[in-house]
Amino acid sequence: MYNTYTSTSTYTVVDIRKTFEGFSADFRMIAARTEKLSGKDVEDTLHDIMAWAESKYLDYVDITLLDLSNKPIRAARYTVDEKGKAVQSDRAGSNDWPNVASTYLTVIVKNNKAWDGLSKEQQSKFEQDKGFRRNWGPSTIDNSYSHLSKTGAQVYGSNGYELKKDNFK
């Protein structure tokens, strides 16, 4: 006797938005705790990230606290899994980031191959059509976080669309 199991993903833009609610809560909490970004900076950044997410152009997003020599001292990575199994999200949290003097907070976005397959003109048109609020550019920050300890954290998801969070400190 054989048993089979078939899983299909039927997530929608609504599921992507639900999934990113946990990320958004984390980002707002980290920005408030570190006092490194204004509320407007956070909302403008979230606006742009959601445009990429809803169009399925994201691989991962990092929230990173850096010292003035651009060395990460703390980070959280949210990796997109479009074939996940989560049907609902964990509760946002694990954001006990300190307000450290002489540091700053930044967001690093890694777009996926679909985005990379667009021409520069198509990427610019997308950003213009979506009303991007931030000027995004290449990063020189080493976000391997090889000098930090990694721990798995929450999984945010809805109907198979997931964000897996890892903390680095």
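Me: In what order do the five strands form the open sheet?
Reply: This is a predicted model, where local features need pLDDT of at least 70, side-chain atom pairs count only at pLDDT 80 or more, and totals for chains, interfaces and linings use all residues. Residues are numbered from 1 along each chain as its sequence is written, and side-chain values use heavy atoms, with hydrogens and water left out. Strands (E, at least two residues) and helices (H or I, at least four) are DSSP runs, numbered from the N terminus. The pairing in the sheet is antiparallel, and the order is β3-β1-β2-β5-β4.

Me: Which are the edge strands?
Reply: Two strands pair if DSSP finds at least two bridges between them. An edge strand pairs on one side only. That describes β3 and β4 (150-158).

Me: How many bridges join β4 to β5?
Reply: These two strands run antiparallel. Within the pair, Tyr156 stands opposite Leu163 in β5. The bridges joining β4 to β5 number seven.

Me: Which strands does α2 touch as it packs on the sheet?
Reply: Contact means heavy atoms within 4.5 Å. Axes are lines fitted to C-alpha atoms, for helices over the stretch in contact, and angles run from 0 to 180 degrees between N-to-C directions. The direction of α2 makes about 15° with that of β3. The strands touched are β1, β3 and β5.

Me: What span does α2 reach from its first C-alpha to its last?
Reply: The expected span of a helix is 1.5 Å times one less than its number of residues. α2 has 16 residues, and the expected value is 22 Å. The model comes close to that, at 22 Å.

Me: Which residues of α2 are buried?
Reply: Buried means under 20% relative accessible area, exposed over 50%, and partly exposed in between (1.4 Å probe, protein chains only). The cover over the buried residues of α2 includes α1, β1, β3, α3 (113-116), α4 (120-129) and β5. Those buried residues are Val42, Asp44, Thr45, Leu46, Asp48, Ile49, Met50, Ala51, Trp52 and Ala53.

Me: How many residues has the largest nonpolar core?
Reply: A nonpolar core is a set of buried Ala, Val, Leu, Ile, Met, Phe, Trp, Tyr and Cys residues joined through side-chain atoms within 4.5 Å. Here, those with the most contacts inside the core are Phe20, Phe23, Ile49, Trp52, Leu58, Ile63 and Leu105. α2 gives the most to this core, with seven residues.

Me: Which residues does Leu105 touch?
Reply: Leave out residues up to four places away in sequence. Among the rest, Leu105 meets Ile30, Ala31, Thr34, Lys36, Leu37, Ile63, Thr64, Leu65 and Trp97.

Me: Is Asn70 buried, partly exposed or exposed?
Reply: Asn70 lies in the loop between β1 and β2. Not counting residues up to four places away in sequence, Asn70 touches Tyr104 and Ile141. Its relative accessibility is 34%, so Asn70 counts as partly exposed.

Me: What radius of gyration does the chain have?
Reply: The radius is taken over C-alpha atoms, and the globule rule is 2.2 Å times the number of residues to the power 0.38. With 169 residues, a compact globule would come near 15 Å. The chain agrees with this, at 17 Å.

Me: What pattern does the chain follow along the sequence?
Reply: The secondary structure comes to four helices and five strands. Read along the sequence, the pattern is α-α-β-β-β-α-α-β-β.
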